[in-house]
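Me: Could you take a look at this one with me? I'd like to go through some helix packing and then the chain contacts.

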Amino acid sequence: MNWDAWIPLLVVASSLLPGLVIFTLAEERIRLRTTLNMFGAISKLLLVGVMLWGVFHGHHYETRMPLLPDLELVLRAGPLALLFVSLSTLLWLVTTVYAIGYLEGSPHRSRFFGFFSLCVTATVGVALAGNMITFLIFYELLTLSTYPLLVHRGTEEARRAGQTYLVYTIIGGALLLLGTAWLYSLTGTLEFTPRGFLSELGGEHRSALITIFILMIAGLGVKAALFPLHGWLPLAMVAPAPVSALLHAVAVVKAGAFGIVRVVYDVFGIDFASALGVIEPLAWLAAFTIIYGSLRALFQDDLKRRLAFSTVSQVSYIALGVAIAGPVATIGGVVHLVHQGLMKITLFFCAGNLAETLGIHKVSEMNGVGRRMPWTMAAFTIGAFGMIGAPPLAGFISKWYLGMGALEAGQSWVVIVLAGSSLLNAVYFLPILYAAWFRKAPDSWPHEHDFGRKETALALLLPPLITAALVLAAGLLATLPFSPLEWAKLISVREFYQP
Amino acid sequence: MGVSVATLFAVMFSTVGLGFQILDNGPYHHTIGGWVAPLGIGLYADGLSLLMLTITALVGLGISVYASAYFEQSRSVHFWPLWLFLLAALNGLFLSADIFNLYITLELMGLAAVALAALSGGVNALAGAMRYLLTTLLGSLAYLLGVALLYHGYGSVDISILAERADATPVLWASLGLMGAGLALKMALFPLHFWLPSAHASAPAPVSALLSALVIKGGFYILLRLWLEIFEPHSSGAEVLLGLLGSAAIIWGSLQALRQTRLKLLIAYSTVAQVGYLFMAFPLSMGAGVTVWSGVAYMALSHALAKAAMFLAAGNLLHFGGHDRIADLDRVVQRLPLTAGAFALAGVSIIGLPPSGGFIGKWLLLQSALTQGQWGMVIVMLLGSLLAAAYVFKVLGHAFIQASVPHEPRAVPARMEWVALLLACAAILIGFLAPILLPLINIGDPFVITGDIS
């Protein structure tokens with residue numbers, strides 16, 4: 001029996017099956033639920049580890065199942081897929097621990113963890129999808145499985161936010177479906193291929209292909225929160241903190257950004273897309289989103305809202321890196337897929353800790369919080385400096401490669417955008433850090449929980465510390481084999497240099 | 001009651017048996033009593049009949065199990081005979097090989113359906129059923145006139161003989177008009193849908209499910225057969241009209257569904273919209289027959305499963321809360337998770353989101369529309385999906401939050417919840433079964449036009 005054909009399917013199933021079982025569990029079966037969650041998360045991590053090792057040794061992991069007469073469901077572990085799948089698997093494990101701590105004692109946890117598992121299943125499916133139809137299926141599944149998490153609290157505000165989210169994402173999904181179906185009617189294939197599968201199409205399809213590109217990028221841009229399609233994201237912060245963390249770092253937003261990478265590299269191919277003239281507008285749009293998101297973040301007093309606008313800005317680095325269309329910038333964009341995830345999840349974990357432990361939701365309430373919760377704020381500080389792009393953190397690596405790549409591709413305007421964005425990042429993060437560490441703490445916190453001698457529950461504290469350590473490691477150890485940067489280089493080489 | 005469920009199992013086994021038979025030997029002709037076509041009554045089964053029979057058996061079994069818990073004794077004695085009567089009519093309809101026989105089964109189906117719709121008593125139900133009765137009789141009458149014209153013109157009621165003899169004459173066009181209009185009325189094609197919402201929404205839940213999932217498909221099956229065998233080569237533009245009406249049905253039905261504040265009416269209008277998709281296939285099939293009709297068969301199959309699940313779920317909610325006001329659903333996601341799940345999964349298929357049967361059907365239709373450059377249809381289909389998403393999630397959104405008017409819940413029997421959920425799961429699962437089901441449906445090439453010889 002050929003195990004290599006089963007492993008991608010097992011990776012998807014390792015969260016799907018526990019998720020389905022969790023739905024059936026009674027609310028009070030905490031121990032079994034936790035066991036299932038951890039079993040799923042850890043076995044997925046092991047399976048991904050096996051795939052990483054195997055791909056390095058020349059194995060080829062691919063699952064194929066017929067879906068329609070000439071279309072198949074394909075799950076394949078290429079370098080780009082592995083990069084994203086490792087990120088989501090790792091962060092799922094961490095977030096599961098965090099969510100177990102965060103939701104302790106709150107109602108409807110079976111439902112929550114069931115959908116949480118489905119959400120990760122969809123993300124992993126998006127990552128491993130080997131053709132556009134498989135991608136589309138998991139992309140829609142992601143929309144559906146995230147919705148119950150968004151409205152989990154069951155308030156009228158949550159319902160509204162969920163509604164807005166659906167309006168954006170369902171329309172986005174329809175555009176993507178239209179683009180995909182149209183493409184299929186032109187080519188008869190949807191298989192992701194390095195450097196695209198469209199270059200053989202004749203010139204008479206030029207305008208159709210441009211429209212398809214716009215449709216697809218619009219459909220993906222909704223989730224990736226490209227301006228002006230980002231409106232749902234700041235509202236979505238009504239969700240519980242672990243959901244926000246997952247949403248911003250690995251699941252929804254990242255799936256959109258990942259999709260853009262896929263469409264540009266493996267559907268159109270970077271050269272073909274450049275020749276169509278669609279890449280440059282994408283670069284401008286991404287650059288505008290970067291500045292716009294940062295500017296909006298400046299004026300938010302709600303901490304999670306500020307972080308949400310920061311995501312709008314930061315995720316567009318990925319699209320920008322892709323759209324600069326040079327090998328070095330590609331490294332920067334692709335590696336930012338991982339780096340942004342690590343940094344943003346740290347920040348959201350910390351925001352969740354502040355809300356859960358002290359009832360702090362606003363930036364203006366954060367005076368002196370560094371002395372009350374030093375570990376949490378240390379993690380937050382690392383995440384924030386990473387976002388600003390301070391060496392030697394992960395964000396610096398991304399920005400360095402993006403800047404170098406832009407110069408190499410002769411697009412020096414990008415450097416100005418990067419500098420401006422970093423400046424703005426500093427302007428909206430540094431005051432928070434200053435207030436937290438150097439201002440005097442108020443006499444009482446808005447809504448303080450008592451955790452004894454510890455600053456907060458261990459399950460809440462460990463996850464941000466781990467991810468903050470990873471932010472540090474991704475920067476310091478960037479040149480070691482298997483680092484995100486090395487994978488990104490591999491992907492870039494494959495896209496630009498290999499025959 | 002036990003007898004009925006046993007009957008359904010027997011029907012199911014017979015269908016499976018028939019399935020194996022035609023899988024091995026191709027389409028199956030049976031002449032009752034040995035009398036051949038012009039004189040005797042012929043039965044015919046190919047992949048398309050098999051599909052319809054299977055849907056009927058599957059959905060029928062589910063609804064029977066549901067009904068066994070739903071009806072109290074006094075209603076139950078009326079429901080079971082009528083339902084088995086309807087089942088017989090449906091099975092006969094899907095096997096008939098001549099247009100007069102089809103008329104008989106059509107009429108039987110209509111009468112049984114009307115009686116079932118009136119079952120819950122009450123002013124609304126009776127008014128709805130009365131309107132339904134008049135409509136269905138008018139529809140049958142128009143159909144019968146068409147039969148008479150064809151018999152007069154071509155001297156036969158056997159479909160295959162008619163297929164050979166049909167030519168482009170006013171007789172054919174008149175009968176096409178009459179039969180088409182009659183069947184469209186029975187299927188509630190826009191703008192002839194006026195009777196459907198009240199009849200479907202006021203009936204008891206299992207009956208609503210039967211009407212929406214199966215009875216509508218009976219009319220469609222006849223139209224499809226006649227179209228493919230007799231009318232298609234001489235249609236002279238009728239398909240454009242059908243397509244336009246179908247498009248209008250999708251938009252109008254979905255918009256109306258979105259406006260409703262009561263769940264069962266919302267689902268009933270959703271049926272009006274979904275019927276539209278079936279009619280869109282007529283103009284599309286002129287370019288790429290088999291793909292389009294396969295897509296439509298898939299739409300019909302998944303709609304039957306999903307819509308039955310939806311109506312049964314609505315029945316559970318009504319039973320649970322005593323009302324079906326959407327805004328007052330009051331956290332049913334937590335209180336009736338299986339039912340909420342059934343509604344959500346059925347909704348996924350109705351919207352046409354992957355992975356589901358509805359997605360496969362829509363993908364095939366969308367493909368055909370795109371390759372033929374039918375942009376109007378592409379837009380209507382996508383718009384229909386978006387509107388469907390809007391009305392499905394309107395319900396689900398309210399299912400998560402607390403209502404302002406809390407109400408006394410009444411426990412829902414587990415059987416009723418599970419049937420709804422299983423039917424909805426089936427609608428999702430068939431999204432993965434296309435490589436198996438599509439060849440089955442195409443046994444005997446029901447979608448290959450044979451009458452082009454003239």
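Me: Which residues of H12(A) meet H18(A), and which do they meet there?

Reply: In this predicted model, the H12(A) side of the contact consists of Ala287(A), Ile290(A), Ile291(A), Ser294(A), Leu295(A), Ala297(A) and Leu298(A), and these meet Val414(A), Val417(A), Gly420(A), Ser421(A), Leu424(A), Asn425(A), Val427(A) and Tyr428(A) in H18(A). By class, the contact of H12(A) with H18(A) has 11 nonpolar and 4 polar residues, with no charged ones.

Me: And at what angle do the axes of H12(A) and H18(A) cross?

Reply: The axis of H12(A), residues 279–298, comes within 9 Å of the axis of H18(A), residues 413–438, and the two cross at roughly 15°. H12(A) and H18(A) are therefore roughly parallel to each other, and their crossing is left-handed.

Me: OK, what about H13(A), how do the axes of H12(A) and H13(A) cross?

Reply: Those axes come within 8 Å and cross at roughly 160°, with H13(A) covering residues 303–323, which makes H12(A) roughly antiparallel to H13(A). The crossing of H12(A) and H13(A) is left-handed. From H12(A), the residues making the contact include Ile279(A), Leu282(A), Ala283(A), Ala286(A) and Arg296(A), while those from H13(A) include Arg306(A), Phe309(A), Tyr317(A) and Leu320(A).

Me: How do the residues of that contact divide by class?

Reply: The contact of H12(A) with H13(A) has 13 nonpolar, 6 polar and 2 charged residues. Ala287(A), Ile290(A), Ser294(A) and Ala297(A) take part in the contact with H13(A), and Ala287(A), Ile290(A), Ser294(A) and Ala297(A) also meet H18(A).

Me: Switching to the chains, how many residues of chain B are in contact with chain A?

Reply: There are 25 residues of chain B in contact with 25 residues of chain A. On the chain B side, H15 (357–371), H16 (375–400) and H18 (434–441) each supply at least two residues, and the largest share, 8 residues, comes from H16(B). The chain B side divides into 18 nonpolar, 6 polar and 1 charged.

Me: Last topic: which residues have the most contacts inside the largest nonpolar core?

Reply: Ala117(B), Ala309(B) and Leu312(B) have the most contacts inside that core, which has 384 residues. Helix H12 of chain B, residues 289–321, gives the most to this core, with 20 residues.

Me: What is Ala117(B) in contact with, leaving aside neighbours within four places in sequence?

Reply: Ala117(B) is then in contact with Ala125(B), Gly128(B), Ala129(B), Tyr132(B), Ala199(B), Ala203(B), Val207(B) and Leu211(B).

Technical notes:
Residues are numbered from 1 along each chain as its sequence is written. Chains are lettered from A and ligands numbered from 1 in the order in which they are written. This is a predicted model: local features need pLDDT of at least 70, side-chain atom pairs count only at pLDDT 80 or more; totals for chains, interfaces and linings use all residues. Axes are lines fitted to C-alpha atoms, for helices over the stretch in contact, and angles run from 0 to 180 degrees between N-to-C directions. Helices (H or I, at least four residues) and strands (E, at least two) are DSSP runs, numbered from the N terminus. Angles under 35 degrees count as roughly parallel, over 145 as roughly antiparallel, 65 to 115 as roughly perpendicular and the rest as oblique. A crossing is left-handed if the near helix is turned anticlockwise from the far one by less than a right angle, and right-handed if clockwise. Two residues are in contact if their C-beta atoms, placed from the backbone, lie within 7 Å. Ala, Val, Leu, Ile, Met, Phe, Trp, Tyr, Cys and Pro count as nonpolar, Asp, Glu, Lys and Arg as charged, and the others, Gly among them, as polar. A nonpolar core is a set of buried Ala, Val, Leu, Ile, Met, Phe, Trp, Tyr and Cys residues joined through C-beta atoms within 7 Å. A residue is buried if 20 or more other C-beta atoms lie within 10 Å of its own, exposed if 12 or fewer, and partly exposed in between; C-beta atoms are placed from the backbone.
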